[in-house]
Amino acid sequence: MRLVFVGPPGAGKGTQAKFICEKFGIPQISTGEMLRAAKTAGKLPTELVEKMGLGGLVPDEVVNGLIAERTTQDDAKNGFLLDGFPRTVPQGEALGGLLKDRGQSLNVVLALDVPGELLIERAVLRRTDKRTGQIYHLKYNPPPQGADLEHRADDQEDVVKKRVDVYEKMTAELLPYYDKLGLLRRVNGVGTVDEVKGRVFAAIGSK
Ligand code: ADP
Ligand code: AMP
């Protein structure tokens, strides 16, 4: 199973990706997570740290390189879920090219649709447990006592607005791109986590 998850920031991709990855036994590959890990390790160049902090995209070559390397690791042999990559049509083309060179292809591209006003609330109140990576929401999925919570630097309201804007300008054009390739399935991301989960599994033809 090789799957791409597209959707604006805060749509619920990471939350739903966990369910799919558990079900299919595939790794969740998030370029955002990889970049944040590089930043924490002090290995991300300052100009990229600044770009991320302002809600912009890092250059295509950087993330294309991360994906080319990560998808060859052992745990990705039977497939993977890409969360937050590709984010531009050139990234989509690079992914298509690298899979083709390996005699592989994508099975499905899931797009999670959530309107702008919900995205801001979902992202601004998102908290992640540093130890487990579990995603919580202060209102919709409150963390347990004792969780070691992190509030992402780019989950401030003004930066989230910028990221939604960047999604609309740079990433949304991947929807017609993948639709033409016959890979796109759109899922309504409004509702409880369980309701959305049901729709996601229906869209990929699984229970
Ligand atoms: P993304 O990976 O698309 O940026 P996340 O999965 O991290 O989004 O979800 C963003 C925030 O919204 C998190 O705080 C998460 O707990 C919350 N969330 C996810 N799905 C739902 C939902 N269906 N209803 C309400 N809140 C949700
Ligand atoms: P995410 O965790 O997916 O919300 O990504 C956080 C930030 O990392 C984004 O706002 C971008 O700055 C950067 N980023 C993650 N994935 C990509 C990508 N595929 N292309 C460019 N920038 C990315």
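## Two ligands and their surroundings

In this predicted model, a polar backbone atom of V58 sits 3.2 Å from a nitrogen atom of ligand 2. Let's stay with ligand 2 for a moment. G84 also uses its backbone: an N or O atom there lies 3.0 Å from a nitrogen atom of ligand 2. R36 brings in its side chain instead, with a polar atom 2.9 Å from an oxygen atom of the ligand. On its own, ligand 2 would expose 480 Å², and the protein buries 96% of that.

So who else is around? The shell of ligand 2 has 16 residues, and T31, R36, G56, G84 and Q91 come nearest. Helix 2 (residues 31-40) gives the most to this shell, with 4 residues.

Now for ligand 1. Which residues are closest to ligand 1? They are K13, T15, R126, Y136 and G191, out of 18 that surround it. Helix 1 (13-24), strand 6 (135-137) and helix 9 (193-203) each supply at least two residues of that shell.

| Residue | Protein atom | Ligand 1 atom | Distance |
|---|---|---|---|
| G12 | backbone N or O | oxygen | 3.0 Å |
| R122 | polar side-chain atom | nitrogen | 3.4 Å |
| Y136 | backbone N or O | oxygen | 2.7 Å |

Taken alone, ligand 1 exposes 570 Å², of which the protein buries 93%.

Finally, the make-up of the two shells. Around ligand 1 you'll find 8 nonpolar, 7 polar and 3 charged residues, while the shell of ligand 2 splits into 6 nonpolar, 5 polar and 5 charged.

Notes:
Residues numbered from 1 in each chain as written. Chains lettered and ligands numbered in written order. Predicted model: local features only at pLDDT ≥ 70, side-chain atom pairs only at ≥ 80, totals over all residues. Heavy atoms only, no water. Near = heavy atom within 4 Å. Polar contact = N/O pair within 3.5 Å; in protein donor to acceptor, adjacent residues only side chain to side chain. Areas by Shrake-Rupley, 256 points an atom, 1.4 Å probe, with all protein chains shown as cover. Nonpolar A, V, L, I, M, F, W, Y, C, P; charged D, E, K, R; others polar.
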